[in-house]
Amino acid sequence: MTAQEVRLCGLLLQEHFGNVVEKVGTHLIRSGVLNLRALAHETKLPLDLVKKSLCVLVQHGMCTFGAGRRGPAGPVEYRINCEHVFHMLRYPRYIYTAKSLYGDTGELIVEEILQRGQMTMSSTVKTVADRLTHNMPEGQSMDYSEVVSVFSQLVETHFLQRCPPLASAGSSSSGAVDTPLPVATQPTEPENHPDCYKLPYINLTGQGKRRRSSEDGEADQLRYYDCDDDCGDDGIYWQVNFQRFHLHFRDQAIISAVSCKLDQSSSEIVRTMLRMSEVTTPAHAAFTQALSANEIFRALLSSYNIARPILDQYLSLLVDDPMEFVGKTGDSGGGMYVVNLHRALANLARATLESVVQERFGSRSARIFRLLLRKRHLEQKQVEDFAMIPAKEAKDMLYKLLSENLVQLQEIPKTPDYAPSRTFYLYTVNQLPTARLLLQNCYKTVGNLIERRLYETKENKRLLEKSQRIEAILASLQATGAEAAQLTEVEEMITVPERQQLESLRHHINKLDSSENQVDETIFLLKSYINSTQASH
Amino acid sequence: MAGRGRGHRTFSVEIVGIGKGESLPPSSVQPTPLFPPLDQKPVPLQTGEEAEYMLALKQEFRGAMKTLPFYIRPAAPKKDVERYSDKYQKIETSDNSLEWKPDWRRFPKELRVREKRPLRDPEKSKVPKQTKQPRVNKEEIIRKLETLEQKEEEGSSDEEEGQKKKPEEEEAEGEEEYDEEEFEDETDYIMSYFDNGEEFGGDSDENIDEAVY
């Protein structure tokens, strides 16, 4: 865990769960694995607060626990899963994807499960139905069966999965053998469980209830959490399958890259190929399963209107493209084609790096960078010649890139003593380490953005509170049917310069938030590339 | 390796590309400025329906998380002096139970915080709790005080005490109430509603020369 990663984890935990959980989480990340007593002692927090924080973290899947170093007889040890904490940055993207694939119902299901960490199917269905009913016009309500069908679709396409069961069964209901807790270092993968995507049979009929304004907010909360009527799926909890969402994002990135580089039709062909190999391709595979051209033609949607010979031409175009999105692995069945996932990700990462250099240092520095990526090792003189940049400027740019560590210097000695007059000094760019460097920069960027946003909010706290109070007063006045004069009088309690200040504050915070979302896209690309490279080695 | 001999310069700067007599950029003697002027301005952010929708989603999610019981606030800081008004102000629930009910079968047993009973019934002597010593002591103290008071007051104000004790027992910190009970006299008036005016006009002994507003 680098310092920037720890800092970002701390900020994310603080934003979503408060300062206490942040303190506990950060300390646990720094220490690796700890048991409860040690954690409470070292953070100097009261034991109950530490217990509460750990419960919250375990509920959301960010902390795993297991038997410690002393074996099952010793105290339970906890560790934080940092990747899970980083996923919190991407929650809006997950929710938006669910909305685009499964509509508002899907959006609300994923949002509820992300907010609560894990949920049973019945409680999710009830909550979502209530929320949808609330937004519907008076008299209509959402039937549970519709929500159940969308939930089933999400499970069938593997976007939701069951939470892995614990090996230790303290309860008698599951009837499992009393086995000791798994060792903390080997968390049980949810996919290892055979029933991972099996829907439970629940008898749940009814419709969403409209929340009356007189109903107490607390009563609603109690209803959500105390699902006393057993619908038949007690103990089966569902969580969001982040890996599936990531595969979806990766496919989207590849398809949009193809459509940018070539054209819409070729991107549709690649989309079809990816859709066909969704279930057959393992997660970190370097390329999809081989598909024959006949299969692809059959699977193409008729709305694309691509004839068979056109398809063949497009496929050969894709294969010949220097980006190597698609590869040909055989000639049977009209030609066997695969999508080169790893190469596509590497190309996307490379494009990201080049774009960063271009936007930071200018297009000529970007030319040098691309040159070094392509030609691997070049001497100073060769760089000037190939890039067609005058010597002095080329030198300047090279040193700037070198100082930012985007370019490395490689020494090749001619003689055993590294005499400088008899050594070649070659400039080089390594894609993988540079990607890692940029990833750390991204983490630092997001940390800075969050801190700036917190600072802006704190600076204007008084003003924000005042505006919130005035809004509350306005809302209550409107509810009781006040006159327009009273309303304007209340509105005028905020002066015009204060209003401007509020407006600019809102604008700043929106900008900082959108920046976070955008940096997260880069983080996703770079992280996918790094993971794919590590998996293929 | 840097050259042991006198006068021998083994590292010739020409190799790296700096010619003889060329001026190097001036060396910096202070830290770089906090907001250095940028040569290249950053590219504007993505806009569009998707970006705006995700922005709204993000802000709503953040707001929603703050209202959920998963957002743990630290215990309210202890005030320096016990204030009279503390008893009537709604202090944040500093009780130790979680506001949501996790499925304890999926959590390690040690994380389970026993919930407090809403009404501590002093007749039930052995309350099965994960014993924390002070709590057991508190119950014993309650019982002792009650028996003592009952003996003293001969049941005259028994009903009042009973009613008063119930709301007092519900509070997390019991020490304040015990002090008050010890100090009260034998009256028909409920001591908690009496303000003996100690805080008012406390400065009257000092500096009479100063004008009093």
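Cys260(A) is exposed, with a relative accessible area of 67%, where exposed means over 50% relative accessible area, buried under 20% and partly exposed in between, for a 1.4 Å probe and protein chains only. The closest cysteine sulfur to that of Cys260(A) belongs to Cys442(A) and is 20 Å away, too far for a bond. Cys442(A) itself is buried, at a relative accessible area of 10%, and its sulfur is 15 Å from the closest cysteine sulfur, that of Cys9(A), which is again too far for a bond. Over all chains the structure holds 0 disulfides, a disulfide being a pair of cysteine sulfur atoms within 2.5 Å.

This is a predicted model, in which local features need pLDDT of at least 70 and side-chain atom pairs count only at pLDDT 80 or more, whereas totals for chains, interfaces and linings use all residues. Residues are numbered from 1 along each chain as its sequence is written, chains are lettered from A and ligands numbered from 1 in the order in which they are written, and side-chain values use heavy atoms, with hydrogens and water left out.

A nonpolar core is a set of buried Ala, Val, Leu, Ile, Met, Phe, Trp, Tyr and Cys residues joined through side-chain atoms within 4.5 Å. The largest one has 116 residues, and among the members that touch the most others are Phe17(A), Leu54(A) and Ile109(A). Helix 6 of chain A, residues 91-116, supplies the largest share of this core, 11 residues, helices being DSSP runs of H or I with at least four residues and strands runs of E with at least two, numbered from the N terminus. A second, separate core of 25 residues includes Leu274(A) and Tyr314(A). Beyond its neighbours within four places in sequence, Phe17(A) is in contact (heavy atoms within 4.5 Å) with residues of both chains, including Val56(A), Met88(A), Met65(B) and Phe70(B).

Rings of Phe, Tyr and Trp (its six-membered ring) pair if their centres lie within 6.5 Å, and planes under 30 degrees apart count as stacked, over 60 as edge-to-face and the rest as tilted; the count comes to 15 aromatic pairs over all chains. With centres 6.4 Å apart and planes at 75°, Tyr102(A) and Phe159(A) are edge-to-face. Because Tyr102(A) lies in helix 6 and Phe159(A) in the loop between helix 8 and strand 5 of chain A, this pair ties together parts 57 residues apart in sequence. Arg244(A) lies over the face of Phe159(A), 4.6 Å from the ring centre, the criterion being NZ of Lys or CZ of Arg within 6 Å of the ring centre and within 35 degrees of the ring normal.
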